[in-house]
Amino acid sequence: MIAPRHTSGEYTVGRYQGAYAVFCGCEVIARGYTSVANAEAKVDALHRQDGLTERDCIRCGDEFMSEGAHHRMCAPCRAGASDIFDGAV
Ligand SMILES: [Zn+2]
């Protein structure tokens, strides 16, 4: 049984009831933040909780949300790499 988990990009920050809130899809999962920065800090915390960390892509250098030490390339680079070497991650 695999527990449901969120992947990169599912969390968004937006206005909610006069403050800022963190949304997951259309669901409000955290609210009452007085600044975007505070809400984004919550998003970072959620990513860490999900086992994701920000890394620089080894190919293009862009920041992306990495699932772990094995995950060093952003999605576009991984898509490109698999054209060359099938099975590359
Ligand atoms: Zn890349």
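View 1. Residues are numbered from 1 along each chain as its sequence is written. Because the model is predicted, local features need pLDDT of at least 70 and side-chain atom pairs count only at pLDDT 80 or more, while totals for chains, interfaces and linings use all residues.

View 2. In the order 1-2-3, 3 strands form an open sheet with antiparallel pairing, where two strands pair if DSSP finds at least two bridges between them. Strand 1 (11-16) and strand 3 (27-33) are the edge strands, each of which pairs on one side only. From one strand to the next, the twist averages 30 degrees, angles running from 0 to 180 degrees between the N-to-C directions of axes, which are lines fitted to C-alpha atoms, for helices over the stretch in contact.

**View 3. The hairpin of strand 2 and strand 3.** These two strands form a hairpin with 2 residues between them, and Gly 25 in the turn has a positive phi of about 65 degrees. Strand 2 (residues 19-24) runs antiparallel to strand 3 and is joined to strand 3 by 4 bridges; Phe 23 has Val 28 in strand 3 as its bridge partner.

**View 4. Helix 1 on the sheet.** Helix 1 (residues 36-49) packs on the sheet and touches strand 1, strand 2 and strand 3, with contact meaning that the C-beta atoms of two residues, placed from the backbone, lie within 7 Å. The direction of helix 1 makes about 25 degrees with that of strand 2.
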